[in-house]
Every structure is written in structure tokens, then in C-alpha cells.
Amino acid sequence: MSLLVIGTVAFDAIETPFGKTDKIIGGAATYAGMSASFFKKGINLVSVVGEDFPAEGIEMMQNRGINTDGLQIKKGEKTFFWAGKYHEDMNSRDTLDTQLNVLSTFDPVIPDSYQDCEYLMLGNLMPSIQMKVLQRLNKRPKLVVMDTMNFWMEVAMDDLRQMIGMVDVLTINDAEARQLTGEYSLVKAARKVLAMGPRYLIIKKGEHGALLFHDDQVFFAPALPLEDVFDPTGAGDTFAGGFIGYLASVDDISFHAMKRGVIYGSAMASFCVEKFGLERVLELSEAQVDERVQQFVDLVQFDITLV
Ligand code: AMP
């Protein structure tokens, strides 16, 4: 079952209460692809970078079995750049700078070898580009998962709404769900989002876990209580990559499989936040992922007898 991941491949400058980075490699597709690669081999990537992007960044993805034939490298242009600063609680952040650079003229090309795509991760990117990718696939994938963020709600709401109507699963955070629907209650917000088209909605709540909505059902996955959270950047994308990577690996898109996918996504995100950027995910083994999933199981498992 092939998995196609699109999104930004970026340079990030991050500031948290624990430190500050210069330009480091980040981006929605980078985090999602690296995370998904723990479940699925041979992931296909579609994205764009400038001439300033280091070859080691591309090798880092190839070393995890990610196919980069669909990664365009634009001569004389600059890679997408994002700078963000986290507040003391690490659950909220301010975007300090977004420089679209190569992204502003990006025309995604889908290599022929990617056309058998069954699972599509539309990572955070301009909604009009997410749409082009979907339209340029000869056959609609079995499952289309989309992630987005407040930035696109501010600059491209019409395109975003259209796009939301075309996907199976939308993943957003709690603040974005409120911004998108104007509802404070996440249950009411979820109802409104599901009425826009997606059959499933995942609302990520940072250190407070994630909610999966489908029809009138809701499933909750906690976040693992961690001793140290250094940098939440990429946690959402890492979550999404783990979620879709797991579903593609078991080739099951039932609600039950999605519940397990949410746990795998949460486990991957819990690693991501433990160090800056991609550092923690890069040193991770498959066995450690399994151990952490077991910690999630232990965290929420209890027996109860109702009289
Ligand atoms: P997350 O923390 O999961 O929301 O994702 C952070 C990543 O998203 C960073 O690595 C950024 O490069 C990337 N990013 C930030 N702003 C945008 C944007 N407007 N569109 C696409 N990707 C973005």
C-alpha cells in the first residue's frame, strides 16, 4: 500500500524557554515522512526546496527509505522559512516569521511511479497546492488525511474550506478548530467540521492529548506525561505521520484501526518534543516506539465493574 506525503520541507528557527536554534531542518513533510517511515517503507515525498537546502537533509530522508524523486530543488531560490517562539507553557506559540520563498510558485509534479498511491498525507502547505496534488493523481487514494494551520485560515480560507470538503480525515489543533468554526466547545466545533465533509476529525490538544471524532462517536488518546518537553515543533506533523503510517502498514481504515493510529501518532509525537527539531526522531529505534506504545496502554488501562 503506497503512501504519498506532501507538505513543506523547511528551515526553522525555534525559540523555547529552553533554548534557541539557528536555521535547522524542519517542515511538515519532513516531520510527517520521518515519523511515518517507522511504520511504512518506501514513502513517496512531494515537496520543494531551494538551492540553499543541504544535501545531508535529503540524505537524512533517503536513509529512512523515503523516496525523494518528487522533491523539486529550485536553482537560485530559497527554501521555505518559518520562525516561531513558544510561550512558557509550551502549549502555545507565536509565529515570528513565515517566508514562503520557493513555496509561492510551487507547482507539484507527481512522478509516474507515485501514481499507485493508496494513502495520501496532505501535510501542512498552501491549500491550493494540496488540491493540485489530489487532482493530479489518476485515481483517488483510499484514504486522504489533511493537516493545516491557522496561517492558511488567515490567508486562504476559501481554498481551505474547499479542500476540507475533499478529504477523509482532517487533523487540526484545538485553537484551529475554534478559529475554523467560531465554536469554543470542541464537540460543537467537531460537529461543524464533520458537516464540511471529512468523515473523521482529529483535534490535537498538545500535552492534553488528542480527540478522534466520527459521526456521534469520540475517542480520546492522552499525551504521555513527560518529564521534559524541549521543543513542540513538528509534534503535529509527527503525529499525523505516525497515524497514517500505521494505517498504511496495516491497510485498514476502520474506526478501530484509526483509534490505534491515534495512539501510534501520539507515541511518535511524544518523542518529537523531547529534543529540538528532528533530533530525537533521528536517534529512535522501532523497539523504542513499541515500548512507548506499551506505556500508553499502561497509562489508560483499568478494570472496572459496574453494579
Ligand atoms: P507543527 O509544530 O506540527 O505545527 O509543525 C511545525 C512545522 O510546520 C515547522 O517545521 C514549519 O517549518 C512548518 N510550518 C510552519 N508554518 C507553516 C505553514 N504556514 N505552512 C506549512 N508549513 C509550515
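This is a predicted model: local features need pLDDT of at least 70, side-chain atom pairs count only at pLDDT 80 or more; totals for chains, interfaces and linings use all residues.

Residues are numbered from 1 along each chain as its sequence is written, and side-chain values use heavy atoms, leaving out hydrogens and water.

Let us begin with the helices. Helices (H or I, at least four residues) and strands (E, at least two) are DSSP runs, numbered from the N terminus. The axes of helix 8 (residues 235-250) and helix 9 (residues 255-272) come within 7 Å and cross at roughly 140°; axes are lines fitted to C-alpha atoms, for helices over the stretch in contact, and angles run from 0 to 180 degrees between N-to-C directions. Helix 8 is therefore oblique to helix 9, given that angles under 35 degrees count as roughly parallel, over 145 as roughly antiparallel, 65 to 115 as roughly perpendicular and the rest as oblique.

Next, the hairpin. Strand 13 (residues 210-214) and strand 14 (residues 217-221) run antiparallel, joined by five bridges; pairing requires at least two DSSP bridges between two strands. H214 has Q217 in strand 14 as its bridge partner. Two residues separate the strands of this hairpin, and D215 in the turn has a positive phi of about 50°.

Finally, T21 lies in the loop between strand 3 (19-20) and strand 4 (24-26). Is T21 buried or exposed? T21 counts as buried because its relative accessibility is 14%; buried means under 20% relative accessible area, exposed over 50%, and partly exposed in between (1.4 Å probe, protein chains only).
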